[in-house]
Amino acid sequence: MQNYVLILDFGSQYTQLIARRVRELNIYCEIHPYNKIPSNIDDFKAVILSGSPNSVRGEAVLHPDLSKLRHKKPLLAVCYGAQYLAHFFGGEVAPSNTREYGRANLSYVSANELFFRNIEVNSQVWMSHSDTIKTLPKHGVLLASTKDVKNAAYKIEGEATYAIQFHPEVYHSTDGKQLLENFLVHIAKVAQDWTPNSFVDQTVATLKKQLGNDKVVLGLSGGVDSSVAAILLHRAIGKNLYCVFVNNGLLRKNEFTNVLNQYQGMGLNVKGVDASARFLKALEGQSDPEQKRKTIGKVFIDVFDDESQQITDVKWLAQGTIYPDVIESVSATGGPSATIKSHHNVGGLPDFMKLKIVEPLKTLFKDEVRRVGASLGMDKELLGRQPFPGPGLAIRILGDVTREKVRVLQEVDAIFINGLRAWNLYDKVWQAGAILLPVNSVGVMGDERTYEKVVALRAVESTDGMTADWVNFPYEFLQKISNEIINKVKGVNRVVYDISSKPPATIEWE
Ligand code: XMP
């Protein structure tokens, strides 16, 4: 890809947000680790240095090779980047005396500076740092201050290098996007030509060239990513794309048939494989969440392998991997971050399948996948689907999984999801579902004592699943859903609503 913006990552929690904001300006960008600058520097037009949890004064200084970039490319240094330029090029960085975390307002902005085009004094910015820049580097010129941070923004005379202490990528920096536009569009002159349509045209052309007359197999999950990947590939290679949609017996009620029909309606060459019995048999007696995930992952590979073997001469395996899955971010601790849950759909299939991998969406963020899907003319309902985990209801049935428990949970889940649609709430929620708890509780129905299962309802708001908050539904809605579940689903006599945020809880219970 040419004409892109290079974001060098120093491990900040906000690095992906920088990329998101740049893409919102219709500019393509890529995140690379700070010490892996791409060799072909002609391909990128500007560089952004991210923030970092590390300090430029500590032992764990992260040193980028700036000699490859300065004077050659317009450069914007954010937070750690700004401190790095100051500390190692003639200025001074010291621990701050005052708390510099949260909202601040620009108290001074250099007049007539293109960098601050359309940004006024008082504009709110977001600070998050414990070191502060005491003196600017050699040839540094002050551009903006806040009450507590004198050197909040500066440039370096004689080169297109700008540095800011605050985070323009965070929504709380109200003019952050404007500032990025000023730097990228007006100073670095990067073209704003990254749109869903241009992505589709380019990707279809590349796929045609890459795949020629080869056959490709793709596992559809019913989710947005694999569906959009399929439609893109279908546009490029038509019937040479063989889709397989596996029923693992852990999908939502009627999902297998409905989604299969939908895929066929879109003209895809798709085979539905009902492997429910195989999955449920393999899961028998397993109650550990990670064990269940592994079993499901393994059976999926077996089923998928059996199916691919039946396609003569298939050469490629297509996957709906998206950008957040592949970004090779720098970890603050220098090692891989702790595994909370093994989300098995990342990492692909094992080597024995001997297929080459094609991942047409691997440069896109989730909302961009949806926009690309829309520009491909895909159904709104399919594109608006909430995420659903690969292991499906197995990780929403706490403890061991049986066919009967799946049936109960499917009924409960369907009432909840249909209710969300009926109350016009479905699109306002990032993800919702029901959880079958491994406890019985006492109830009374008519004059009879009952001793039946408890279900929990979970619904969250989120942007990326990394953090999430529970949804504050109208009481009337919760009351209606709870009544309907208890009245209609045999075996359930109690409904609770999960009011935990992530962190410290996770979205799924297992
Ligand atoms: P957690 O529970 O980690 O979930 O807060 C974050 C997002 O990931 C989904 N999830 C999974 N997706 N395989 C998947 O494909 C899995 O094993 C898995 N576990 C959680 C979850 O539904 C939420 O969207």
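Modeller: Helices, of at least four residues, and strands, of at least two, are DSSP runs numbered from the N terminus. Please keep in mind that this is a predicted model.

Biologist: Where does P503 lie, and which residue does a cis peptide bond join to P503 on the K502 side?

Modeller: P503 lies in the segment after strand 20, which covers residues 492-497. A cis peptide bond with omega of about -15 degrees links P503 to its partner there, and that partner is K502.

Biologist: What is omega for the peptide bond between P503 and P504?

Modeller: P504 is likewise found in the segment after strand 20. The bond that joins P503 and P504 is cis, with omega of about 10 degrees.

Biologist: On which side or sides of helix 6 are its buried residues placed?

Modeller: In helix 6, residues 255-265, the buried residues are E255, F256, V259, L260 and Y263. They cover an arc of only 115 degrees around the axis, so they lie on the same side of helix 6.

Biologist: Which elements cover the buried residues of helix 6?

Modeller: The cover for these buried residues comes from several elements. It includes helix 5 (224-237), along with strand 12 (215-220), strand 13 (241-247) and strand 14 (270-274).

Biologist: Is N182 buried or exposed?

Modeller: N182 is found in helix 3, residues 176-187. Leaving aside neighbours within four places in sequence, N182 is in contact with L114, F115, F116, R117, I119 and I187. Since a residue under 20% relative accessible area counts as buried, and N182 has 0% relative accessibility, N182 is buried.

Biologist: H71 and C79 each have a positive phi although neither is glycine; which relative accessibility does each have?

Modeller: H71, with phi near 70 degrees, sits in the loop between strand 3 (44-49) and strand 4 (75-78), whereas C79, with phi near 50 degrees, is in the loop between strand 4 and helix 2 (80-88). H71 counts as exposed because its relative accessibility is 63%, while C79 counts as buried because its relative accessibility is 5%.

Technical notes. Residues are numbered from 1 along each chain as its sequence is written. This is a predicted model: local features need pLDDT of at least 70, side-chain atom pairs count only at pLDDT 80 or more; totals for chains, interfaces and linings use all residues. Side-chain values use heavy atoms; hydrogens and water are left out. Buried means under 20% relative accessible area, exposed over 50%, partly exposed in between (1.4 Å probe, protein chains only). The arc is that of the directions from the helix axis to the C-beta atoms. Contact means heavy atoms within 4.5 Å.
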